[in-house]
Amino acid sequence: MMVVPDRAIGTGTLEDRQERGRTTVTPRALNSLVSALTADIFNVAARAVRVNLSDQDGLLALTIRTPVRVVALNTAGQSPGVAGTNGGTLVQLAANAQTMIRQRVTASTGAEVGHVTIWLSGIDTDEGSRVR
């Protein structure tokens, strides 16, 4: 469980300088948040994302297993520019996702993320819209 103390509010009296309480973010909530963020980045369902939380020298370490949605080869062949707009290579996509997840988790929870490991567990192809 992670506890985030509120910052002291005000500058006048002793009462104003005392802490106002604390906010607790449970591991389950953190897990759900990381799953949702990852699903958004990789354009997959959150239920397909698996997250393992651990401590790494006082920092939050995340191990994430997720499928990735990519453009189907037949679609990329018809429009060569579409592959470049889909995030680049899988390695580039995963590297960018590590940075984005680290930043978003820290911004959302205040937890300092030390390490993000992403395992791409499958491919979900995006066929695009079909013409009938």
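1. Accessible areas here come from the Shrake-Rupley method with a 1.4 Å probe, and for residues only the protein chains shown count as cover. On that basis the accessible surface of the protein chain comes to about 8,800 Å², and 51% of it belongs to carbon and sulfur atoms.

2. The model is predicted: local features need pLDDT of at least 70, side-chain atom pairs count only at pLDDT 80 or more, and totals for chains, interfaces and linings use all residues. Residues are numbered from 1 along each chain as its sequence is written, and side-chain values use heavy atoms, with hydrogens and water left out.

3. The protein chain has 4 helices and 5 strands, where helices (H or I, at least four residues) and strands (E, at least two) are DSSP runs numbered from the N terminus. Their order from the N terminus is β-α-β-α-β-β-α-α-β. Of the contacts (heavy atoms within 4.5 Å) with a separation of 6 or more, 53% are between residues 24 or more positions apart.

4. Of the 132 residues in the protein chain, 27% are buried. Buried means under 20% relative accessible area, exposed over 50%, and partly exposed in between, with a 1.4 Å probe and protein chains only.

5. The largest nonpolar core has 23 residues, and those touching the most other members are Phe42, Leu60, Leu62, Ile64, Ile101 and Val105. Such a core is a set of buried Ala, Val, Leu, Ile, Met, Phe, Trp, Tyr and Cys residues joined through side-chain atoms within 4.5 Å. Helix H2 (27-42), strand S4 (59-71), helix H4 and strand S5 (113-126) each supply at least two residues of this core, and H2 gives the most, with 6 residues. In soluble globular proteins, nonpolar side chains tend to be buried together.

6. Leaving aside neighbours within four places in sequence, Ile64 is in contact with Val34, Thr38, Val49, Arg50, Val51, Ile101, Val116, Thr117, Ile118 and Trp119. Thr66 also lies in S4 and is buried because its relative accessibility is 0%. Not counting residues up to four places away in sequence, Thr63 touches Arg50, Val51, Asn52, Thr117 and Trp119. Thr63 and Trp119 are 56 residues apart in sequence, with a C-alpha to C-alpha distance of 7.6 Å.

7. A search of the whole structure finds 2 salt bridges, a salt bridge being a side-chain nitrogen of Lys or Arg within 4 Å of a carboxyl oxygen of Asp or Glu. In one of them, Arg104 pairs with Asp40, and the closest N and O atoms are 3.3 Å apart. Arg104 lies in helix H4 and Asp40 in helix H2, so this pair ties together parts that are 64 residues apart in sequence. Arg104 counts as partly exposed at 30% relative accessibility, and Asp40 counts as exposed at 54%.

8. Arg69 and Asp124 also meet in a salt bridge through their side chains, at 3.0 Å from N to O. This pair links distant parts of the chain, with Arg69 in strand S4 and Asp124 in strand S5, 55 residues apart. Arg69 is partly exposed at 26% relative accessibility, and Asp124 is partly exposed with a relative accessible area of 30%.

9. Thr109 is placed in helix H4 (residues 90-109) and counts as buried, because its relative accessibility is 11%. A polar atom of the Thr109 side chain lies 2.7 Å from the backbone oxygen of Val105. The backbone nitrogen of Ala111 lies 3.1 Å from a polar atom of the Thr109 side chain.

10. The backbone has points to check in the loops. Asn43 is not a glycine but has a positive phi of about 60 degrees; Asn43 is in the loop between H2 and strand S3 (50-56) and is partly exposed at 48% relative accessibility. Asp57, also not a glycine, has a positive phi of about 55 degrees. Asp57 is in the loop between S3 and S4 and counts as exposed at 78% relative accessibility. Most residues other than glycine have a negative phi.

How values were computed:
Polar contact = N/O pair within 3.5 Å; in protein donor to acceptor, adjacent residues only side chain to side chain.
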